[in-house]
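Dear colleague,

Please find below the structure that I am handing over to you, followed by an account of what was found in it. I would be grateful if you could read the two side by side.

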Amino acid sequence: MTNIRQSGAHSRIFRYKNGMTLQLYDTYTRSLREFVALHPPHVGLYACGLTVYDYAHIGNLRTYIFEDILRRVLRYNGYTVTHVQNITDVGHLVSDEDTGEDKMEKGSRRTGMTAWEMAALYTHHFKNDLRQLHVLEPTIWCQATDHIPEQIALIQCIEAKGYTYRTSDGIYFDTSLLADYGRLARLNPEGQQAGVRVDMAEKRNPTDFALWKSSPPDTHRQMEWPSPWGMGFPGWHIECSAMAAKYLGPFFDIHCGGEDHIPVHHTNEIAQTQACYGTNLANFWMHGYFLQLSDAKMSKSAGEFLRLQTLLDRGYEPLAYRYYCLNSHYRSKLNFSWQGMDAATTSLNRLRQAVYEWGAAGLPDQAFLDRFQTQVNDDLNMPRALALAWELLKVDLPAAAKKATILVFDQIYGLGLAEWQPNLEIIPSHIIQLAQQRQAARDAQNWAEADRLREQITVAGYTVQDTPIGPKVRTIS
Ligand code: AMP
Ligand code: ZN
């Protein structure tokens, strides 16, 4: 590493003379480490994708917002990031221990679509959600089913090195053959997480996992491919090792995902890569903590989940959810609440209004920029970086300097503050009065009167929408 730090390329990376470094929390070493790119100014970043058997829920989206912030912080520090984002459209079984059905085949029965149609539909919605949340488009999107030959080649490499065995339902990885298997998750010496019961089937060790699963005899799966081991489909973990190595090489800078990936998925990605290439796949392993609903895990497979669309249906804006996520550190669990969404909406609108009123941008305030970089470079401390925006609102500086400073902050916030404009539409006062009367009727739970007033507003060519910050009137377009 020393020679990289001293190289001319590295000296171009940091924008400021004060020697500020970027510290990131690496799960593998359980420590904050100074980030030094392997090949500056380039950074390879791989993010585990959505399993597309359903819509993304807002917990999944929290993780993608964290990864977007990471990418923006790297960019802010002068790096050029190759961001690879996969889509899991095969191989993720109902249990992470490689038992049960493929989530895609199961989802196909639930929705009545083919697994292929379902993957296309939910991928489309996922990308749409990310756009609305101002998550930057990944440099490369890759899909597991488009990379079957790469996955087969990687399994062959692991097989040639002697780490595999056959069972009646596939090819498995023998985790007992890797001295430090489970290091990422600090698994106990038996290679297990405390308290986890595992269905062994024909596995030699509880943590062994499938590299290739054979299609059950006499059944046709919707997604299956020929391979040296017969018809079947890849295990869940092999896709990420294979695609990450294809696009970023067998040892790249940062691999991320949600915290649930630590004990199984990422542990096994590392095992596969160690077996074939002798590397840990990534130099940094970073994990976003979960969004929870009333202290319970939010997941697609269990119980109710909230989608971005659920928030929009309730009158919230996508960027209010982004703001909500920025307000807590990515390494702390976040309990979702509607009050929290209301507060985020109010704050975002106050910020937008203030920024708008500052008018044209001048030169940014260097002291604020330095403090901002200190916060974002401290393991992406976004709550503190966001607090600086509120300090800027109060401080005695020319409006043009404030405007320029906050627009720099927004390169990382991603709240679109430069583009925002207040609704300048002029609504006649008698329509506003009708809307106010309707609100009073609603407050008194006089629904019939509220409906009658809404009808009157509609007939006059306007529509009224109930938002968390009160009724909003617009012309019908
Ligand atoms: P999946 O669709 O289960 O493969 O998950 C897609 C991404 O969302 C992965 O990075 C998961 O670790 C992450 N994830 C799943 N559930 C949550 C949650 N409740 N909060 C935050 N991230 C999550
Ligand atoms: Zn993955």
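Does Tyr324 count as buried or exposed? At 9% relative accessibility, Tyr324 counts as buried, where buried means under 20% relative accessible area, exposed means over 50% and partly exposed lies in between, with a 1.4 Å probe and protein chains only.

Please note that this is a predicted model, in which local features need pLDDT of at least 70 and side-chain atom pairs count only at pLDDT 80 or more, while totals for chains, interfaces and linings use all residues. Residues are numbered from 1 along each chain as its sequence is written, chains are lettered from A and ligands numbered from 1 in the order in which they are written, and side-chain values use heavy atoms, with hydrogens and water left out.

Aromatic rings

A pair of aromatic rings is described by the distance of the centres and the angle of the planes. A search of the whole structure finds 20 aromatic pairs; rings of Phe, Tyr and Trp (its six-membered ring) pair if their centres lie within 6.5 Å, and planes under 30 degrees apart count as stacked, over 60 as edge-to-face and the rest as tilted. One of the pairs is that of Tyr163 and Phe173, which is stacked, with 5.7 Å centre to centre and 20° between the planes. Tyr163 lies in the loop between helix H6 (148–160) and strand E6 (164–167), and Phe173 lies in strand E7 (residues 170–173), so the pair ties together parts that are ten residues apart in sequence. Helices (H or I, at least four residues) and strands (E, at least two) are DSSP runs, numbered from the N terminus. Tyr163 and Phe173 are both buried.

Tyr324 forms an edge-to-face pair with Phe336, at 5.6 Å centre to centre and 65° between the planes. Since Tyr324 belongs to helix H10 (residues 318–326) and Phe336 to strand E14 (residues 334–336), the pair ties together parts that are twelve residues apart in sequence. Phe336 counts as buried, at 7% relative accessibility. Ring pairs also link Tyr316, Tyr321, Tyr324, Phe336 and Trp338 into a cluster.

The charged end of Arg33 sits over the ring of Phe284, 4.1 Å from the ring centre; this requires NZ of Lys or CZ of Arg within 6 Å of the ring centre and within 35 degrees of the ring normal. Arg371 lies over the face of Phe368, at 5.4 Å from the ring centre.

The zinc ion and the disulfide

Which residues coordinate the zinc ion (ligand 2)? Cys48 (SG), Cys240 (SG) and His265 (NE2) do, at 2.1 to 2.2 Å. Donors are N, O and S atoms within 2.8 Å of the metal (3.2 Å for Na, K and Ca), and water is not among the atoms, so sites may look incomplete. Along the chain, the donors of the zinc ion (ligand 2) follow the spacing C-x191-C-x24-H. Cys48, in the loop between strand E3 (42–47) and helix H3 (58–76), and His265, in helix H8, are 217 residues apart. Both Cys48 and His265 are buried, and Cys240 counts as buried at 1% relative accessibility.

Helix H8 (residues 262–277) is also the place of Asn268, which is buried, with a relative accessible area of 2%. Leaving aside neighbours within four places in sequence, Asn268 is in contact (heavy atoms within 4.5 Å) with Tyr181, Phe209 and His237.

The structure holds one disulfide, defined as a pair of cysteine sulfur atoms within 2.5 Å. The disulfide joins Cys157 to Cys276, with 2.0 Å from S to S. This pair links distant parts of the chain, with Cys157 in helix H6 and Cys276 in helix H8, 119 residues apart. The link of Cys157 and Cys276 is right-handed, with 100° about the S-S bond.

Salt bridges

A search of the whole structure finds 15 salt bridges, each a side-chain nitrogen of Lys or Arg within 4 Å of a carboxyl oxygen of Asp or Glu. Among them, Arg110 and Asp54 meet at 3.6 Å, N to O. Arg110 lies in helix H4 (residues 103–111) and Asp54 in the loop between E3 and H3, 56 residues apart. Arg110 counts as partly exposed at 47% relative accessibility, whereas Asp54 is buried at 10%.

Another salt bridge joins Asp379 to Arg331, at 2.9 Å, N to O. Asp379 is buried, with a relative accessible area of 2%, and Arg331 counts as partly exposed at 30% relative accessibility.

With kind regards
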